[in-house]
Amino acid sequence: QVQLVESGGGLVQAGGSLRLSCAASGRTFSSYTMGWFRQAPGKGREFVAAISSSGGITYYADFLKGRFTVSRDNPKNTVYLQMRSLKPEDTAVYHCAAGREPFPTVDVSTWETYNYWGQGTQVTVSS
């Protein structure tokens, strides 16, 4: 069992930056593929980024165009999402997720890949 807790969300002006953190419980964090998804009001869950268990492989949604960076610190049981050049359309609840299957043997952009989810942290970008 893995419990995930996101933090770091908030209100930021367009063009600003935020760094989200996702702290995981358990001793097996380093074996999990980790992903970030977001959900805006009235919309479905949208893939943002994923990182392999070792941190050696990352994958991003095309729409990001290099604005976000995913990383992880396995000794600290934490995964991060650094967000830059934020836009109003980035406003959403951001969730981290953990998946047992190794990357890249699975489709990390689909939510069905993941076994555990955090409650999310709200990011609001004002224009």
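# A guided tour of aromatic pairs, sheet and core

A search of the whole structure, which is a predicted model, finds six aromatic pairs. Begin by selecting Tyr32 and Tyr116, which form an edge-to-face pair with 6.1 Å from centre to centre and 75 degrees between the planes. This pair links distant parts of the chain: Tyr32 belongs to the loop between β3 and β4, Tyr116 belongs to strand β10 (residues 116-117), and 84 residues separate them. Are these two residues buried or exposed? Tyr32 has a relative accessibility of 8% and therefore counts as buried, the cut-off being under 20%. Tyr116, with a relative accessible area of 10%, is buried as well.

Next, select Phe37 and Phe47. Their rings also form an edge-to-face aromatic pair, 5.6 Å centre to centre with 70 degrees between the planes. Phe37 lies in strand β4 and Phe47 in strand β5, so the pair ties together parts that are ten residues apart in sequence. Phe37 is buried at a relative accessible area of 1%, and Phe47 is buried at 9%.

Two charged side chains may be displayed next. The charged end of Arg45 sits over the ring of Trp111, 5.4 Å from the ring centre. At Phe29, the ring has the charged end of Arg72 over it, 4.5 Å from its centre.

Then turn to the strands. Strands of a sheet pair through backbone hydrogen bonds, either parallel or antiparallel. Select β1, β3, β8 and β7, which form an open sheet in that order, with antiparallel pairing. β1 (4-7) and β7 stand at the edges with a single partner strand each, so one side of each has no neighbour in the sheet. Neighbouring strands of this sheet are turned against each other by 15 degrees on average, direction ignored. Within the sheet, look at β3 and β8, whose antiparallel pairing runs over six bridges. Ser21 can be found opposite Tyr80 in β8.

Finally, which residues touch the most other members of the largest nonpolar core? Among its 37 residues, they are Leu4, Met34, Trp36, Leu81, Met83 and Tyr94. The strands that each supply at least two residues of this core include β3 (18-24), β4 (33-39), β8 (78-83) and β9 (92-99). End the tour at Leu4 and display its contacts beyond four places in sequence; among them are Cys22, Met34, Cys96, Tyr116 and Trp117.

Note on methods. Residues are numbered from 1 along each chain as its sequence is written. This is a predicted model: local features need pLDDT of at least 70, side-chain atom pairs count only at pLDDT 80 or more; totals for chains, interfaces and linings use all residues. Side-chain values use heavy atoms; hydrogens and water are left out. A nonpolar core is a set of buried Ala, Val, Leu, Ile, Met, Phe, Trp, Tyr and Cys residues joined through side-chain atoms within 4.5 Å. Buried means under 20% relative accessible area, exposed over 50%, partly exposed in between (1.4 Å probe, protein chains only). Helices (H or I, at least four residues) and strands (E, at least two) are DSSP runs, numbered from the N terminus. Contact means heavy atoms within 4.5 Å. Two strands pair if DSSP finds at least two bridges between them. Axes are lines fitted to C-alpha atoms, for helices over the stretch in contact, and angles run from 0 to 180 degrees between N-to-C directions. Rings of Phe, Tyr and Trp (its six-membered ring) pair if their centres lie within 6.5 Å; planes under 30 degrees apart count as stacked, over 60 as edge-to-face and the rest as tilted. A charge sits over a ring if NZ of Lys or CZ of Arg is within 6 Å of the ring centre and within 35 degrees of the ring normal.
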